[in-house]
Amino acid sequence: PPAPPRENGNGEADGGKPAGKPKSKWADGFKRKRRSDDMDDDEKARMDEEEAKMEAEWTAQQAAKQAAAKRVMEARRYTPRLFRDADGDEANEFWVEQLEQGKLCKVSEGICEVFKRG
């Protein structure tokens, strides 16, 4: 014997009609997108004000996230700062002798900062 027909969520049995939303007299009005031409000046001003408020909130949230990330990195940083060179040596600063000048010069390229393990 065949299985009894199941309902598809719209109250209709499978097999007869395809599943679809029932038509409503309000459906077309809600589908239509509002244009800025349709809004009056008060509504435009209110929308602009709300958009500015949302932008300010988003900017504040981003600043808070960046400040939190900076605090985390500061907590992981050695004091004084510790660096690693290409050879894997770790030190607070690296110096190299310039043979043609006969001077010692501080190295600032080719080194990276070392952080505490989490």
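Visitor: How many salt bridges turn up in a search of the whole structure?
Guide: Five, and keep in mind that this is a predicted model.

Visitor: Which residues are linked in a network of salt bridges?
Guide: That would be E74, R77, R81 and E113.

Visitor: OK, take R77. What's the N to O distance to E74?
Guide: The two side chains meet at 3.0 Å, N to O. R77 is partly exposed at 22% relative accessibility, and E74 is partly exposed too, with 42%.

Visitor: And how far apart are the closest N and O atoms of R77 and E113?
Guide: They sit 2.6 Å apart, again as a salt bridge. R77 is in strand β1 and E113 in strand β5, so this pair ties together parts that are 36 residues apart in sequence.

Visitor: Is E113 buried or exposed?
Guide: E113 counts as buried because its relative accessibility is 18%, and the cut-off for buried is under 20%.

Visitor: Which way do β1 and β5 run, and how many bridges join them?
Guide: They run antiparallel, with four bridges between residues 77–84 and residues 112–115. R77 shows up here as well: its bridge partner in β5 is F115.

Visitor: What about β1 and β2?
Guide: Those two also pair in the antiparallel sense, over two bridges. R84 has E90 as its bridge partner in β2. Five residues lie between the strands of that hairpin, and G88 takes a positive phi near 95° there.

Visitor: Switching to V114: buried or exposed?
Guide: V114, which is in strand β5, is buried, with a relative accessible area of 8%.

Visitor: What does V114 touch?
Guide: Leaving out residues up to four places away in sequence, V114 touches Y78, L82, F83, R84 and E90. Its C-alpha atom is also 9.1 Å from that of R76, 38 residues apart along the chain.

Visitor: Last one: which element has the lowest mean pLDDT, and which the highest?
Guide: Helix α1 (residues 27–31) is lowest at 63, and helix α2 (residues 41–76) is highest at 93. The protein averages 81, and 67% of the residues score at least 70.

Definitions and conventions: Residues are numbered from 1 along each chain as its sequence is written. This is a predicted model: local features need pLDDT of at least 70, side-chain atom pairs count only at pLDDT 80 or more; totals for chains, interfaces and linings use all residues. Side-chain values use heavy atoms; hydrogens and water are left out. Two strands pair if DSSP finds at least two bridges between them. Buried means under 20% relative accessible area, exposed over 50%, partly exposed in between (1.4 Å probe, protein chains only). Contact means heavy atoms within 4.5 Å. pLDDT is the predictor's confidence in each residue, from 0 to 100. A salt bridge is a side-chain nitrogen of Lys or Arg within 4 Å of a carboxyl oxygen of Asp or Glu.
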